[in-house]
Amino acid sequence: MTDKTHLVDAVTGHRRMRRLRKADWQRRMVQENRLTVNDLIWPIFVVPGSNILDPIAAMPGVYRMSVDKAVEAAKEAADLGIPALATFPNVEMALRDQTGSEVLKSNNLLNQVTSCDQDGGSEHRRHHRRRTRPVHQPRPRRDPARRRDRQ
C-alpha cells in the first residue's frame with residue numbers, strides 16, 4: 001500500500017483549500033447543519049408536590065420539578081422562543097400498574113401540568129408562534145363544498 005498524499009500535495013502545492021470558507025455568506029451557504037431555537041424541545045421532569053426543584057445528577061442543568069415550578073419553566077421556555085415542551089411525569093410506584101391506568105385519571109400528574117400551563121403560559125406561547133391573528137379569534141373553517149371526496 002503506497003501513500004498517495006504526496007500526489008495531492010503536488011496538485012495543491014501544499015495548500016489547504018479554503019475557498020468555500022473565505023466569507024461569512026459562503027460558510028452559511030455550504031454548512032451542513034443549522035440549529036435554531038425553533039428546533040429545540042425543552043424537557044420537563046415532573047414530580048408530585050410543590051416548590052420542588054431537584055437536580056438530576058446524570059443531566060447537569062436539568063431538574064425534577066413540581067407542577068408549580070414546571071409552569072415557571074414553561075413560561076421561561078416561551079419567553080426564550082422554544083416552541084415545544086416534552087413533559088415526563090414521575091408517577092409514584094404505588095400508582096403504576098401493567099396497563100398504565102394512571103394516565104386515564106383526570107387529575108394525574110401530566111394533566112395537572114397541562115391544565116396549569118394552559119391557565120398561565122400557553123396562551124402567550126400560542127400567540128408568540130403565530131403572529132397572524134389574536135389568540136381569541138377562531139380559526140376560519142373551510143367550505144365543505146370545496147373539500148375533495150376521498151374514496
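**Close-ups of a predicted model**

**View 1. A salt bridge between R64 and D54.** In this predicted model, the side chains of R64 and D54 come together in a salt bridge, at 3.7 Å from N to O. R64 belongs to strand 3 and D54 to strand 2, so the pair ties together parts that are 10 residues apart in sequence. R64 is partly exposed, with a relative accessible area of 31%, and D54 also counts as partly exposed, at 35%.

View 2. A search through the whole structure turns up three salt bridges. One of them links K69 and E72, whose closest N and O atoms are 4.0 Å apart. These two sit three residues apart in helix 3, so about one helical turn separates K69 from E72. K69 is partly exposed at 21% relative accessible area, and E72 is partly exposed at 47%. Another salt bridge joins the side chains of K105 and E102, with 3.3 Å from N to O. Here K105 counts as partly exposed, at 45% relative accessibility, whereas E102 counts as buried, at 14%.

View 3. Four strands make an open sheet in the order 2-3-1-4, and the pairing is mixed. Strand 2 (53-55) and strand 4 (84-89) are the edge strands, each with a single partner, so one side of each has no neighbour in the sheet. From one strand to the next, the twist averages 35°. Strand 1 (residues 41-46) pairs with strand 3 (residues 63-65) in the parallel sense, over two bridges. In that pairing, V46 stands opposite M65 of strand 3. Helix 3 (residues 67-80) packs on the sheet and touches strand 1, strand 2, strand 3 and strand 4. The direction of helix 3 makes about 175° with that of strand 1.

**View 4. Strand 1 and its two faces.** Zoom in on strand 1 and you can follow the side chains as they alternate. W42, I44 and V46 point to one face and are buried.

View 5. Strand 1 and strand 4 run parallel, joined by six bridges. A86 lies in strand 4, and P43 stands opposite A86. Leaving out residues up to four places away in sequence, A86 touches I41, W42, P43 and I44. A86 and I44 are 42 residues apart along the sequence, yet their C-alpha atoms are 6.0 Å apart in space.

**View 6. A nonpolar patch around W25.** W25, M29 and V30 make a nonpolar surface patch of about 330 Å². W25 has its place in helix 2 (residues 24-30).

**View 7. Stepping back to the whole chain.** The protein chain has five helices and four strands, running α-α-β-β-β-α-β-α-α from the N terminus. Of its 151 residues, 18% count as buried. The chain exposes about 12,900 Å², with carbon and sulfur atoms supplying 52% of that area. Among contacts with a separation of 6 or more, 50% come from residues 24 or more positions apart.

How values were computed
Residues numbered from 1 in each chain as written. Predicted model: local features only at pLDDT ≥ 70, side-chain atom pairs only at ≥ 80, totals over all residues. Heavy atoms only, no water. Patch = residues over 30% accessible without salt bridge, like charges linked within 9 Å, V, L, I, M, F, W, Y side chains within 5 Å. Areas by Shrake-Rupley, 256 points an atom, 1.4 Å probe, with all protein chains shown as cover. Buried < 20%, exposed > 50% of the residue type's maximum accessible area, 1.4 Å probe, protein only. Contact = heavy atoms within 4.5 Å. Pairing = 2+ DSSP bridges. Axes fitted to C-alpha atoms, helices over the stretch in contact; angles between N-to-C directions.
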